[in-house]
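Here is a short briefing on one protein chain. Look at the model first, then work through the points by topic.

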Amino acid sequence: MYKLRMWSNSSSPSFLLTGFPGLEATHHWISIFFFFIYISVLFGNGTLLLLIKEDHSLHEPMYFFLAMLAATDLGMTLTTMPTVLGVLWLDHREIGSAACFSQAYFIHSLSFVESGVLLIMAYDRFIAICNPLRYTCILTNTRIMKIGLAVLMRGFVSVVPPIMPLYFFPYCHSHLLSHAFCLHQDVIKLACADTTFNRLYPVVLVVFIFVLDSLIILISYVLILKTVLSVASREGRAKAFNTCVSHICCVLVFFVTVIGLSLIHRFGKQVPHIVHLTVSYVYFLFPPLMNPIIYSVKTKQIRNGILHRFTTRRTGT
């Protein structure tokens, strides 16, 4: 059982992280699974970044955006997994307020950044298929940098308003969080103050980012499908559509987990807490794990680059 500590009107408390309640005896075994996921995410996304950096044939807009996706996934994993493994391995549950709020900031910011990266990747595919003759003119290196910077700014700036008040709220409840990492919606439940803004602003933010991004991506693929179907040859249609398969899979992986997490929080009040925990971990770990696998399997240039790199190293040794 967790030892609950009580604070009285403290504005800079410590919080207690939660592992898997009722399964404390198996935390070390569970940690093996999470450590395997952690290493796989670091290896997969790190390999993608290294390959795109060193292989000049991959210095194209599509792969620059893929590098942004891999970097975002790495950031998400590096932000969440240290406290998760700390709880499971070392039973280190206490986290200071500054560290907790910073972790929440990066978790939510990177989620919005990933949504934005998937959106600009859809834009990239839209230009490549619907306006191929002007592709290099539209997606110049300067424009790519501006688009990437805009996505980063949108993600990191938009989350500041709900995170900043957390530093000033008094906390007078048990300070026991429901995950092994800090989330804004978790912390705000423990505040003893008027949290109306912090409850309403994230809803508006989710609508304007997740919902709007997914809608624009859907419209992009409707237009892409219309263009692909207008191609006369079957081979041409297959080739055009094949360039989108990897991105479509990543979009589905991300937004299906987002929808699942939203539904379980909104309508799953009677669902066991272990289900909430499982869905949360799936949301934070499944996309970073799957995205490198999807692109390695579905994208010929990435697959050939990885095979060439490893076969070259073996030959060299």
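The second largest cavity holds about 50 Å³ of space. The model behind this value is predicted. A search of the whole structure finds two cavities of 30 Å³ or more.

**Second largest cavity**
- The lining is made of M62, M121, D124, R125, T243, S246, H247 and Y295.
- Helices α3 and α9 (234-267) each give at least two residues to this lining.
- By class, the lining has three nonpolar, three polar and two charged residues.

**Largest cavity**
- The largest cavity has a volume of about 60 Å³.
- Its lining consists of D73, M76, L110, S111, E114, F254, Y283, F284, P287 and P288.
- Helix α10 gives the largest share, four residues.
- Seven lining residues are nonpolar, one is polar and two are charged.

**Largest pocket**
- The largest pocket has a volume of about 1200 Å³.
- It is lined by 36 residues, and Q185, P202, V206, S262 and H265 are the closest to its centre.
- The elements that give two or more residues to the lining are α3, α6 (160-163), α7 (184-188), α8, α9 and α10.
- Which element gives the largest share of this lining? Helix α8 does, with nine residues.
- The lining divides into 19 nonpolar, twelve polar and five charged residues.

**Second largest pocket**
- About 330 Å³ of space lies in the second largest pocket.
- Of its 15 lining residues, F210, S214, V251, F255 and I259 are the closest to the centre.
- Helices α8 and α9 each supply at least two residues of the lining.
- Here the largest share comes from α9, with eight residues.
- The lining has 13 nonpolar residues, two polar ones and no charged ones.

**Helix α8**
- Helix α8 covers residues 196-229, which makes 34 residues.
- From first C-alpha to last, α8 reaches 49 Å, close to the 50 Å expected at 1.5 Å a residue.
- Where does α8 bend? The bend is at V206, by about 25°.
- V206 is also among the residues closest to the centre of the largest pocket.
- The buried residues in α8 are N198, L205, I209, F210, D213, I217, S220, Y221, I224 and V228.
- An α-helix has 3.6 residues a turn, so residues three or four places apart point the same way.
- F210, one of the buried residues of α8, is also among those closest to the centre of the second largest pocket.

**Residue D91**
- D91 sits in the loop between α2 and β2 (94-96).
- Most residues other than glycine have a negative phi.
- Phi of D91 is near 55°, a positive value in a residue other than glycine.
- Is D91 buried, exposed or partly exposed? It counts as partly exposed, because its relative accessibility is 47%, between the cut-offs of 20% for buried and 50% for exposed.

**Whole chain**
- The chain has eleven helices and two strands.
- Along the sequence, the pattern is β-α-α-β-α-α-α-α-α-α-α-α-α.
- For 317 residues, a compact globule would have a radius of gyration near 20 Å, and the 22 Å of the chain agrees with this.
- The C-alpha atoms fill a box of roughly 70 × 50 × 35 Å along the principal axes.
- Of the 317 residues, 48% count as buried.

Technical notes:
Residues are numbered from 1 along each chain as its sequence is written. This is a predicted model: local features need pLDDT of at least 70, side-chain atom pairs count only at pLDDT 80 or more; totals for chains, interfaces and linings use all residues. Side-chain values use heavy atoms; hydrogens and water are left out. On a 1 Å grid over the protein atoms alone, a cavity is a set of points where a 1.4 Å probe fits but cannot get out, and a pocket is an open set with protein on both sides within 12 Å along at least five of seven lines; lining residues have an atom within 4 Å of a point. Grid points are joined across faces, edges and corners, and a volume is the space filled by probe spheres set on the points. Ala, Val, Leu, Ile, Met, Phe, Trp, Tyr, Cys and Pro count as nonpolar, Asp, Glu, Lys and Arg as charged, and the others, Gly among them, as polar. The expected span of a helix is 1.5 Å times one less than its number of residues. The bend at a residue is the angle between axes fitted to the seven residues ending there and the seven starting there. Buried means under 20% relative accessible area, exposed over 50%, partly exposed in between (1.4 Å probe, protein chains only). The radius of gyration is taken over C-alpha atoms; the globule rule is 2.2 Å times the number of residues to the power 0.38.
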